[in-house]
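Colleague: Could you give me a close look at a single helix and its surroundings?

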Amino acid sequence: MASEAVIPINSDVDVVAARQKGRELAVELGFVSTDLTLLATAISELARNIIRYAKHGEILIASVQSGERVAITVVARDKGPGIANISLAMQDGFSTSGGLGLGLPGVKRLMDEFHLVSDANKGTTVTIKKWKR
Amino acid sequence: MEVPILKQGLYLIASIQAALSDVDLVHLRDALAEKVGKFRARGVIVDVTVLDVMDSFASRTLRDLAHMTRLRGAETVIVGIQPEVAFAMVQLGLTLEGVDTALDLEEGLAFLDKKTKRHTPRG
């Protein structure tokens with residue numbers, strides 16, 4: 001049961017579309033209700049960062065299987081300005097002070113796995129994973 | 001997706017019916033700030049029961065909405081935040097500080113009754 005979806009992110013309505021797609025896929029895979037919300041919220045934040053900082057990008061949502069275990073992987077990528085200071089972006093400012101206000105430490109807390117690659121002027125790719133419980 | 005705003009006595013009740021885009025949320029904020037004056041409302045209830053996601057933008061917009069209506073002389077209470085939504089919000093550091101919340105519509109109405117009475121001059 002491998003399914004995946006690519007959602008182009010170009011405007012605020014795409015943020016809603018992306019998180020609904022993620023939730024849909026997670027429902028299909030039988031994720032528990034709390035995790036549906038966590039996943040949808042994380043996707044929303046990543047999509048929002050694309051709009052805010054890169055204007056355009058895409059979100060890829062896919063199911064992955066590892067033995068008996070099932071997970072959902074979300075890749076949010078853009079060709080925007082990139083993040084100059086990754087350690088600062090990952091600093092927990094609780095979005096009020098410190099940090100860059102990207103909400104990335106929060107997204108990391110919502111997920112089981114989190115991976116960030118960013119190059120100045122080349123763009124940013126955030127990969128997150130949530131295992132089915 | 002326009003959010004219907006009902007007038008009930010001195011209160012305005014905005015009952016969100018489906019997922020909202022950023023533009024919809026900003027619309028709601030501005031509509032309520034305007035309608036508080038138009039209907040001389042003393043309280044506003046925003047029912048978010050159906051929202052499955054409250055991300056940073058939604059939280060910030062609701063906070064702004066509550067502060068704007070307060071500046072216009074009406075108290076706002078957000079009702080119906082679901083338990084898993086609350087959990088996700090806390091993980092993201094979104095605590096809606098300075099904004100009143102209540103469990104549901106009924107509690108929200110009771111809260112406003114108490115809160116607005118305090119400011120109503122007697123006699």
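**Helix α2 of chain B**

Modeller: α1(B) and α2(B) are roughly parallel to each other (an angle under 35 degrees), helices being DSSP runs of H or I of at least four residues and strands runs of E of at least two, numbered from the N terminus. This is a predicted model, in which local features need pLDDT of at least 70 and side-chain atom pairs pLDDT 80 or more, while totals for chains, interfaces and linings use all residues. Residues are numbered from 1 along each chain, with chains lettered from A and ligands numbered from 1 in the order written.

The two helices pack at about 10°, with axes 9 Å apart (lines fitted to C-alpha atoms over the stretch in contact, with angles from 0 to 180 degrees between N-to-C directions). On α1(B), the contact (C-beta atoms, placed from the backbone, within 7 Å) involves B:D22, B:L25, B:V26, B:R29, B:L32, B:A33 and B:V36, and on α2(B) B:F57, B:A58, B:T61, B:D64, B:L65, B:M68 and B:T69. These residues comprise nine nonpolar, two polar and three charged (Ala, Val, Leu, Ile, Met, Phe, Trp, Tyr, Cys and Pro are nonpolar; Asp, Glu, Lys and Arg charged; the others, including Gly, polar).

Buried residues of α2(B) (20 or more other C-beta atoms within 10 Å) are B:S56, B:F57, B:A58, B:S59, B:L62, B:L65, B:A66 and B:T69. They pack against α1, β3 (43-47), β4 (75-79) and α3 of chain B, and also against α2 (33-54) of chain A.

Across the chains, 16 residues of chain B contact 21 of chain A. Elements giving two or more residues to this side of chain B are α1 (22-38), α2 (56-71) and α3 (83-91); α3(B) gives the most, with five. Just after α2(B), B:G73 takes a positive phi of about 95°.

Terms used: Two residues are in contact if their C-beta atoms, placed from the backbone, lie within 7 Å. A residue is buried if 20 or more other C-beta atoms lie within 10 Å of its own, exposed if 12 or fewer, and partly exposed in between; C-beta atoms are placed from the backbone. Angles under 35 degrees count as roughly parallel, over 145 as roughly antiparallel, 65 to 115 as roughly perpendicular and the rest as oblique.
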